[in-house]
Amino acid sequence: MSVNGRYSLGIILAFVMLAASMLYSIPLINQFFHYKTLTVDLFFYNRLSLWLVLIMVLIYNFTFENRSFFVWEDKKYSIVFYFGAVVVLYLICAFGGAFLNIIIKLLTKEKFSDRLLEFKNLLQNNYLLIAFTCLTAGVIEELLMRAYIQPRIEKIYNSPVLGIVISALLFGILHSTYGTVSQVVIPFFIGIVFSIFYKLYSNIKILIICHFLIDFISLMAMNLLDAKHLTVF
């Protein structure tokens with residue numbers, strides 16, 4: 001199989017395994033534990049399943065692709081650049097996401113995601129689980145969607161634009177499990193912003209930090225707000 005063929009198979013495997021983990025890991029794990037409702041333990045095992053996906057992609061990369069996981073070498077920058085990049089990326093995503101959310105709610109009268117509301121109740125005042133959830137999302141999604149999938153798409157099609165757009169689209173589709181339009185459109189927007197940054201600056205650590213902060217601040221805000229006020233998100 002050609003290099004592009006192995007890259008294509010790796011992309012499919014990474015995306016399908018991520019989607020399967022998000023959709024089916026909880027009911028699959030529950031076959032062994034028989035929880036009647038979503039519990040902290042069940043949610044924790046669900047997050048662990050995402051780390052298992054990363055391990056499986058790494059095994060595929062080292063055995064079948066036989067190439068570096070990072071198609072683009074991670075560039076080093078100063079602490080000032082790290083801080084500035086994280087702040088700018090966060091503000092772009094926060095304000096851009098808020099604007100898109102307002103537009104979507106005006107057009108669709110969409111309510112807050114039932115799945116997110118379920119997670120809010122589960123994570124209430126459980127700060128360790130909140131931090132672990134955000135760390136998992138930041139590390140797994142950035143390593144797989146940006147560092148792994150994006151440059152491989154670009155290599156296959158010889159198109160930076162397709163690398164950016166397709167990886168962002170897949171990122172948005174992954175979040176469709178939350179059941180709302182905003183949870184697809186806003187991640188797609190964030191995926192575009194992050195993918196452009198990764199193409200320009202080739203530093204995944206900055207994106208992991210920023211992704212963690214976006215999720216952590218959002219979950220902490222959800223944790224502090226009463227459920228009836230969550231329609232602002």
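**Figure 1. Buried residues of helix α7.** The buried residues of α7 are S182, I186, P187, I190, G191, V193, F194, S195, F197 and Y198. Buried here means under 20% relative accessible area, exposed means over 50%, and partly exposed lies in between, with a 1.4 Å probe and protein chains only. The model is predicted, so local features need pLDDT of at least 70 and side-chain atom pairs count only at pLDDT 80 or more, while totals for chains, interfaces and linings use all residues. Residues are numbered from 1 along each chain as its sequence is written, and side-chain values use heavy atoms, with hydrogens and water left out. Helices are DSSP runs (H or I, at least four residues), as strands are (E, at least two), and they are numbered from the N terminus. α7 has 20 residues and spans 28 Å from its first C-alpha to its last, close to the 28 Å expected at 1.5 Å a residue; the expected span is 1.5 Å times one less than the number of residues. The buried residues of α7 pack against α3, α5, α6 and α8 (204-224), where contact means heavy atoms within 4.5 Å. After α7 comes S202, with a positive phi near 45°.

**Figure 2. I190 in helix α7.** I190 is found in α7 and counts as buried, at 12% relative accessibility. Not counting residues up to four places away in sequence, I190 touches C93 and F171. The C-alpha atoms of I190 and E118 are separated by 23 Å, and these two residues are 72 residues apart along the chain.

**Figure 3. Helix α6 against helix α7.** The axes of α6 and α7 come within 7 Å and cross at roughly 145°. Axes are lines fitted to C-alpha atoms, for helices over the stretch in contact, and angles run from 0 to 180 degrees between N-to-C directions. α6 passes α7 in a right-handed crossing. On the α6 side the contact is made by P160, I164, V165, S167, A168, L169, F171 and G172, and on the α7 side by Q183, V184, P187, F188, I190, G191, I192, S195, I196 and K199. A crossing is right-handed if the near helix is turned clockwise from the far one by less than a right angle, and left-handed if anticlockwise. L169 has its place in α6 (residues 160-174) and is partly exposed, with a relative accessible area of 45%. Between the C-alpha atoms of L169 and F64, 105 residues apart along the chain, the separation is 26 Å.

**Figure 4. Helix α5 and its kink.** Helix α5 (residues 127-157) has 31 residues and reaches 43 Å from its first C-alpha to its last, close to the 45 Å expected at 1.5 Å a residue. A kink of about 35° lies at I149, shortly before the proline P151; the bend at a residue is the angle between axes fitted to the seven residues ending there and the seven starting there. Of the 31 residues of α5, 23 are buried, so α5 is largely enclosed by the rest of the structure. N158 follows α5 and has a positive phi, near 55°.

**Figure 5. Helix α5 across helix α7.** The axes of α5 and α7 (residues 182-201) come within 11 Å and cross at roughly 65°. The two helices are therefore roughly perpendicular to each other; that term covers 65 to 115 degrees, while angles under 35 count as roughly parallel, over 145 as roughly antiparallel and the rest as oblique. The crossing of α5 past α7 is right-handed. In α5, E142, R146, A147, Q150, P151 and E154 meet G191, F194, S195, Y198 and K199 in α7.

**Figure 6. E65 in helix α2.** E65 has its place in α2 (residues 40-65) and is buried, with a relative accessible area of 1%. Leaving aside neighbours within four places in sequence, E65 is in contact with R6, Y7, G10, Y60, Y148 and R152.

**Figure 7. Two loop residues with positive phi.** Most residues other than glycine have a negative phi. K109 is not a glycine, yet has a positive phi of about 55°. K109 lies in the loop between α3 (79-108) and α4 (114-123) and is exposed, with a relative accessible area of 65%. N125, in the loop between α4 and α5, has a positive phi near 60°. N125 is partly exposed, with a relative accessible area of 47%.
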